[in-house]
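This report considers a protein assembly together with DNA. Please look at the structure below before reading on.

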Number of protein chains: 2
Amino acid sequence: MRILLVEDDILLGESMMVSLGRHGFTVDWLQLGNQVEASLKTEDFMAIILDLTLPDIDGLKVLKKIRQAGHKIPIIILTARDDIEDRVKGLDDGADDYLLKPFALQELLARLRVMIRRISGNTESEIECKGLRLSLQNNEVHYQDKPIKLTKAEFKLLATLVAKSGRVLSKDQLQQALHGWDEAASDNAIEVHIHNLRKKIDSKLIKNIRGVGYIIEKD
Amino acid sequence: MRILLVEDDILLGESMMVSLGRHGFTVDWLQLGNQVEASLKTEDFMAIILDLTLPDIDGLKVLKKIRQAGHKIPIIILTARDDIEDRVKGLDDGADDYLLKPFALQELLARLRVMIRRISGNTESEIECKGLRLSLQNNEVHYQDKPIKLTKAEFKLLATLVAKSGRVLSKDQLQQALHGWDEAASDNAIEVHIHNLRKKIDSKLIKNIRGVGYIIEKD
DNA sequence: GGGAAACTTAAGGGAAACTTAAGGGAAAAA
DNA sequence: TTTTTCCCTTAAGTTTCCCTTAAGTTTCCC
């Protein structure tokens, strides 16, 4: 679950990084509105958290641009102003939800879950593939109806592979799923995680394509 | 995936060569802007990465010349952080995207993928020919709807032949598809790969024209 | 028929992926 | 806080795979 956070306040940004990370999200953090467009061009995010008061340009403008570019990605806006107008305007301009600063992180998490559930169609945000069923809400995995215990990293990797099943993902793409823009670990780390996943689930589930990457085939 | 890199900084150039190479790109590296035109005349590239600050001539001039010559090839320009004007001018002059130095290699890779996806039309970049269907991003091949397992080198060769079906490709051109301007292996290596491709797919698919090269005919 | 180009087959070496174990660090518990 | 638990990463050793070379055979063309 990769999320784009656009927030110029360092303190707030850091604490959000930490607490979102703790809940299984991979967060990429931008501090300037101008950088958003470029990021969306190249990266896949599940949602955007957008502060409206940014140092370079107005958050509402960023919001508009995103929608004009045709992105349907869910967006939560953060606003400090008790300006009702801004909030309304934000929703009109394509935001899916808003939060008033200061807010409880609990609430942010709840709204994120709701949004992600909403766009992934079903009420239960679950992905299925090849006898595998993963619930994105509580990081649970079932294989042939038997529960399987995975660590955070393992779950993230598996979720990425399942979400893009039928496509080969390079080790670097998997690194990104784990670490976002942070400096990645060595490729060996991925190999070890894959190894553990195969041991816990099924040795034939994740296939390697030498020199290219890993894939879970579509069923 | 052959790419032309125009960059005078030795250190940066080398690290880009390595990491692009690791991601399946074949990179040809020039350090002078004047050499670009000649290369484009004789070689086929999927994209160009062009540093704007070159020792011999201005990168923007190179860009203009490329476009004036009618090449539609995607171009990413690299520019120092403060040259906003250059960036804008670059985009006006026909660049498809830009990166600010210093940049994360991750980001460059992502943008390359996006650009290549964009020009090859749909998200699923597939080429077809003579009952052959290859997915470029998965390194997958189907022949008459049956999957065929190929190695990386075999796939590259086949992809080149299919992409230019109807044209004869010399062994040297095929070497270049595999190795760029790196020292190539002996021609025998190509012969062996072709042999294996014929064995795996269909002995009559790839034709040899004695003294000239190999061809897959158009259908 | 002779020579060059292409085809075929097998083997060696090196790189990519797999496997296992251990250390260090972060989260959780006390 | 201190302690404990857990797991992510690194490191090192093993296995697997495949690219290239080499050597021999066949085909083509002069």
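In this predicted model, the surface near DNA strand D draws at least two residues from each of four helices: helix 6 (152-163) and helix 8 of chain A, and helix 6 (152-163) and helix 8 of chain B. There are 22 residues around DNA strand D, and those that come nearest are A:T151, A:S186, A:N188, B:T151 and B:S186. Of the atoms of DNA strand D that come within 4 Å of the protein, 57% belong to sugar and phosphate. When the residues of this surface near DNA strand D are sorted by class, eight are nonpolar, 10 are polar and four are charged.

DNA strand C has 20 residues around it, of which A:K171, A:R198, A:Y214, B:K171 and B:Y214 come nearest. Sugar and phosphate make up 67% of the atoms of DNA strand C that come within 4 Å of the protein. The division by class for the surface near DNA strand C is four nonpolar, eight polar and eight charged residues.

Which side chains place an N or O atom at 2.6 Å from a phosphate oxygen of DNA strand C? They include those of B:H195 and B:Y214.

| Residue | DNA strand | Distance |
|---|---|---|
| A:H195 | DNA strand C | 2.7 Å |
| B:H195 | DNA strand C | 2.6 Å |
| B:Y214 | DNA strand C | 2.6 Å |
| B:T151 | DNA strand D | 2.5 Å |
| B:H179 | DNA strand D | 3.3 Å |
| B:H193 | DNA strand D | 3.1 Å |

The two protein chains also touch each other. In this interface, 13 residues of chain B are in contact with 15 residues of chain A. The size of an interface is often given as the accessible area lost when the parts come together. For chain B and chain A this buried area is about 1300 Å², with 46% of it on carbon and sulfur atoms. On the side of chain B that touches chain A, the largest share, five residues, comes from helix 5 (residues 105-119) of chain B. That side of chain B consists of two nonpolar, five polar and six charged residues.

How many salt bridges cross the interface of chain B and chain A? The rule finds zero. Three residue pairs, however, are in polar contact between chain B and chain A.

Over all chains, the structure holds 12 salt bridges. One of them joins the side chains of A:E217 and A:K207, at 3.1 Å from N to O. A:K207 belongs to strand 10 (residues 207-209) of chain A, while A:E217 lies in the segment after strand 11 (213-215) of chain A, so the pair ties together parts that are 10 residues apart in sequence.

Finally, the confidence of the prediction deserves attention. Chain A has a mean pLDDT of 83, and 89% of its residues reach 70 or more. Within chain A, helix 8 (residues 187-200) has the highest confidence, at a mean of 96, whereas helix 4 (residues 84-92) has the lowest, at 66. Where pLDDT is low, the predicted coordinates should not be read in detail.

How values were computed:
Residues numbered from 1 in each chain as written. Chains lettered and ligands numbered in written order. Predicted model: local features only at pLDDT ≥ 70, side-chain atom pairs only at ≥ 80, totals over all residues. Heavy atoms only, no water. pLDDT = per-residue confidence, 0-100. Contact = heavy atoms within 4.5 Å. Buried area = accessible area lost by both parts, 1.4 Å probe. Salt bridge = Lys/Arg side-chain N within 4 Å of Asp/Glu carboxyl O. Polar contact = N/O pair within 3.5 Å; in protein donor to acceptor, adjacent residues only side chain to side chain. Nonpolar A, V, L, I, M, F, W, Y, C, P; charged D, E, K, R; others polar. Near = heavy atom within 4 Å.
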